[in-house]
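Thank you all for coming. Before I say anything, please take a moment to look at the sequence and the model on the screen.

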2 protein chains.
Amino acid sequence: MDQTPPAPPPAESPASISPLPAVEHQHVRFAEGLELDCGRRLAPVEMAYQTYGRLDDRRANAILVCHALTGDQYVAEQQPITGKPGWWARMVGPGLPIDTDRFFVVCVNVLGGCMGSTGPRSPRPDAAGGEPWGTDFPPITLQDIARAQEKVITHLGIDRLFAVIGGSMGGMQVLAWAALFPRRVFAAVPIATASFHSAQNIAFNEVSRQAIFADPDWNNGRYWTNGRVPARGLAVARMMAHITYLSEEALTRKFGRRTRREATVPAPIGSAAPAQSPLGLFGEMFEVESYLRHQGSSFVRRFDANSYLTVTRAMDYFDLAADHDGDLAAAFRGTPTRFCVISFSSDWLFPTSQSRLIARALNQAAANVSFVEIETDKGHDAFLLDEPALDRTLRGFLQGCAEHAGLAPGVAA
Amino acid sequence: MDQTPPAPPPAESPASISPLPAVEHQHVRFAEGLELDCGRRLAPVEMAYQTYGRLDDRRANAILVCHALTGDQYVAEQQPITGKPGWWARMVGPGLPIDTDRFFVVCVNVLGGCMGSTGPRSPRPDAAGGEPWGTDFPPITLQDIARAQEKVITHLGIDRLFAVIGGSMGGMQVLAWAALFPRRVFAAVPIATASFHSAQNIAFNEVSRQAIFADPDWNNGRYWTNGRVPARGLAVARMMAHITYLSEEALTRKFGRRTRREATVPAPIGSAAPAQSPLGLFGEMFEVESYLRHQGSSFVRRFDANSYLTVTRAMDYFDLAADHDGDLAAAFRGTPTRFCVISFSSDWLFPTSQSRLIARALNQAAANVSFVEIETDKGHDAFLLDEPALDRTLRGFLQGCAEHAGLAPGVAA
């Protein structure tokens, strides 16, 4: 869910796309590990995280921000691999809606991720020579992801989070937190999300996975042995997913049918340029194509294919009502948490109807809930983009909750 | 746009997926060829077609049915490669809405296709040893496709078509026919289509193409030299496209989140099964995944990857208004053709708004036009499926036009 403007894609051969660079992330190690939903114990577990702001003396001003499928813990600072600003730098920071002058913000790289938390890239404990888990990494669930985050929160000495906030898969984590640890979440903001992954979304995820499997460099997940990552397959997966993050209106507004006339048509990702690209009718390509190629080729430099498989699978398996005999309200019965459910009118990946189901279940559970559908043509990605109505909604809800929680303004200042 | 019910995908290795079988199709050869929109002359041109019913003595009862991206000329009879019924067997036949007791129905495999008409699989005239065109096949447009059909229609001795009917890309051909040859089209029925390909649709097509390029068996389009077709890439392209043909409602109704518990999880398309599939959390897979894999793996047995590239590109370049300084109405000014524009309420690939643009332009051109949006949850594929409102609409429109045209009922009986 990059916000990168269109740029000419680099004509790069797959040989030059190396695996993710080794970056040292701030992390904590839990030797005892974690009991997973699949019944296996994963140990040790390392969790990478970043924090912003200062925890107040009562340890009452912490906000957990949960990242989306391809996000990471670098919410409000430069991402160490891409060098780009944090993915929510417009939302989290001094004076911003999630105000780090006031709140202590924590973001944890998800279990199964590839930015320092234990995942398919991590060394498999029982393997010689530090061989990674790869596809032998145990299947995980969104609840496992929340439980791993909980260990970090406890490690930081935080008993109760002032708020848990996240969009898309981050919103699934918010719901998992509220269901698993209701007494530890004062306020919850699930944005552009769902209480279960729909058939259509499972279908899109499955095509993403098939694109990765189709890349011979995937090598049944053991791509570290061939020294080449499945860049082409992962790029295709990303390109397709990226379309689903936008809306037809946004794509029309940004690109329409504009073409770029180029002397040489950029090569397909990971391919040597054919002498005459079959794409270049009359020597043109559409701007939307150039943009998507850029999205695909930049993504493969910062994300791991096996993590993509693991985490998309966790999303597919998310179905909070199924854990409660099909009764979503039962997941929240008696909850003390205050909820603000937010959706975007043009989001077709996690449509408003899904947020309405959540709000209805919370009402049935007699929870304190407000529900806001924000009118926008930006699609699912609206939660990452300049959307003043989202800023206002978040700021207002957090302010109201802070008053109820007895958090003085500027408590950490 | 198969209607195939879900079935367990065959666990097939790519080596066993051979190029399309050689099938003899009914065809006509035009030695002089065709002047293309790109400025090149393509010669010779062979066009494969099928006909149903009998041309009446006045040669006034002919209906041209135009097929969609992955359709073919086998409208109402067994497809020779798959052995399945014709793609519109429920619509075209004796007593059916496109009644072959009454009308003479022609369907032509599109130029650039792979079922007998000249396309990337055809031998390149200037190459030794019958080497195919491959990616050197000239870029074509929907208008080129219509002009190639027009040669077949003229060859059959038909001066004026009673009707031109088609859905999706078939509908684009209907519009191209009406714009290019207004005096030769008495009635036109563009279904679930658009007068231009939107940015979102171009984006989806581009991802399809990148999936094909990402398959090493594509071999820069010269896959006949390696004896293996890019089956995995083409299957991924098909799977993704297939999602766009349905609707979220249809996917939920057909599959929901139902899983199949299987001892062995089917292998990804074209891959040897990994010992333990990373997909098989708790030994399950979702039914929608199994369905999509089947769609992908059956498609590659009947379609050619270079044709997919060529024809998707033609769709991307379709923009009828652009040929008339941005004025779509100018494409139809003074037309004598009667139009029936049909859309489906849950079609998000070619939404009703696109059909409304067409109807509005036809109104501005003072054309005789009716516009019907059919309420259905079946998505874009509704035009291929059991949709009684579509049957009624088509039957009624054709009956009304037949009366105006002075076609006696059962004229060909």
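I would like to begin with R238(A), which counts as buried because its relative accessibility is 0%; here buried means under 20% relative accessible area, exposed means over 50%, and partly exposed lies in between, with a 1.4 Å probe and protein chains only. Please keep in mind that this is a predicted model, in which local features need pLDDT of at least 70, side-chain atom pairs count only at pLDDT 80 or more, and totals for chains, interfaces and linings use all residues. Residues are numbered from 1 along each chain as its sequence is written, chains are lettered from A and ligands numbered from 1 in the order in which they are written, and side-chain values use heavy atoms, with hydrogens and water left out.

R238(A) sits in helix α4, residues 231-245 of chain A, where helices (H or I, at least four residues) and strands (E, at least two) are DSSP runs numbered from the N terminus. Which residues does UniProt list for "binding site"? The unreviewed entry gives R238(A) and D381(A), in the numbering used here, with feature names shortened and with annotations that may be inferred rather than shown by experiment. The two span 144 residues in sequence, yet no two of their C-alpha atoms are more than 13.9 Å apart, so they gather at one spot. D381(A) belongs to the loop between β14 (368-374) and α9 (388-405) of chain A, and at 1% relative accessibility D381(A) counts as buried.

Let me turn to another arginine, R209(A), which is part of helix α3, residues 199-213 of chain A, and which is buried, with a relative accessible area of 0%. The side chains of R209(A) and D316(A) are joined by a polar contact of 2.7 Å, that is, a pair of N or O atoms within 3.5 Å, where within protein one must be able to donate a hydrogen and the other to accept it, and residues adjacent in sequence count only if both atoms are side-chain atoms.

Now to the backbone. Most residues other than glycine have a negative phi, and most peptide bonds are trans. In chain A, however, a cis peptide bond with omega of about -5° joins A43(A) and P44(A), and P44(A) lies in the loop between β3 (41-42) and β4 (45-52). A366(A), which is not a glycine, has a positive phi near 60°, and at 66% relative accessibility A366(A) counts as exposed.
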